[in-house]
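Have the sequence and the 3D view open as you read.

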Amino acid sequence: MAEVKASRGHWASKTEFILSCIGYAIGLGNVWRFPYLCYRNGGGAFLVPYLLMLVLCGIPLFFLETCLGQFSGTGCITVFKIVPLLKGAGIAIVVINFICTGYYNAIISYPLLFLWRSLQAQLPWETCDNDWNTD
């Protein structure tokens, strides 16, 4: 029986590809936590090692991942057929994506919960007569 290979989608333009790469690299958690991490780790002095590691490790690894994906046209698990020793790296990418998905769901659920609670007639934080309050 002949094996039918499904065709993968392609980008409509270079701009679409660049915008989707930026959306993948810069997430909501990065924007919210970066000023806090800068403040907690020394302010402006934190930016020197951060930018150094970004230039030496972050951007080249992101470029490598993008090039491998574009070259092979496969997903993150099957791309490492090139080097069988790195087969676990593709599985690790999937596991990390699941962890990040859970993290983002937790971050987004709190504003939704507070929005829902703020639409009630009496707000839960309006009084101190709740069962979780102490004397």
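What follows covers the ground rules, a surface patch, a helix, some aromatic rings and a few distances.

## Ground rules

This is a predicted model, so to speak of local features we need pLDDT of at least 70, side-chain atom pairs count only at pLDDT 80 or more, and totals for chains, interfaces and linings use all residues. Residues are numbered from 1 along each chain as its sequence is written, and side-chain values use heavy atoms, with hydrogens and water left out.

Helices are DSSP runs (H or I, at least four residues), as are strands (E, at least two), and they're numbered from the N terminus.

## The nonpolar patch

Which residues form a nonpolar patch on the surface? They are Ile 18, Leu 19, Ile 22, Ile 26, Leu 28, Val 31, Trp 32, Ile 108, Leu 112, Leu 115, Trp 116 and Leu 119, and together they have about 1300 Å² of accessible area. That area comes from the Shrake-Rupley method with a 1.4 Å probe, and for residues only the protein chains shown count as cover. To get into a patch, a residue needs over 30% relative accessible area and no salt bridge; like charges are joined within 9 Å, and nonpolar side chains (Val, Leu, Ile, Met, Phe, Trp, Tyr) within 5 Å. A salt bridge here is a side-chain nitrogen of Lys or Arg within 4 Å of a carboxyl oxygen of Asp or Glu.

The top contributor is α4, with four residues. As for Trp 32, it sits in α2 and is partly exposed, at 48% relative accessible area. (Buried is under 20%, exposed is over 50%, and partly exposed is in between, with a 1.4 Å probe and protein chains only.)

Helix α3 runs over residues 44–72, which makes 29 residues. From first C-alpha to last it reaches 40 Å, close to the 42 Å expected at 1.5 Å a residue; the expected span is 1.5 Å times one less than the number of residues.

Where does α3 bend? Look at Leu 54, where the angle is about 45°, taken between axes fitted to the seven residues ending there and the seven starting there. Just past the helix, Gly 73 takes a positive phi of about 70°.

## Aromatic rings

There are six aromatic pairs in the structure. One of them is Phe 34 with Tyr 50, a tilted pair at 5.0 Å centre to centre and 55° between the planes. It links distant parts of the chain, with Phe 34 in α2 and Tyr 50 in α3, 16 residues apart. Phe 34 is partly exposed at 30%, and Tyr 50 is partly exposed at 35%. Tyr 103 and Tyr 104 make another tilted pair, at 5.7 Å and 55°.

Rings of Phe, Tyr and Trp (its six-membered ring) pair if their centres lie within 6.5 Å; planes under 30 degrees apart are stacked, over 60 edge-to-face, and the rest tilted. Phe 34, Phe 46 and Tyr 50 form one aromatic cluster.

## A few distances

Phe 62 is in α3, and its C-alpha is 8.5 Å from that of Ala 25, 37 residues apart along the chain. Gly 58 is also found in α3; its C-alpha lies 21 Å from that of Ile 77, 19 residues apart along the chain.

Over in α1 you'll find Ser 20.
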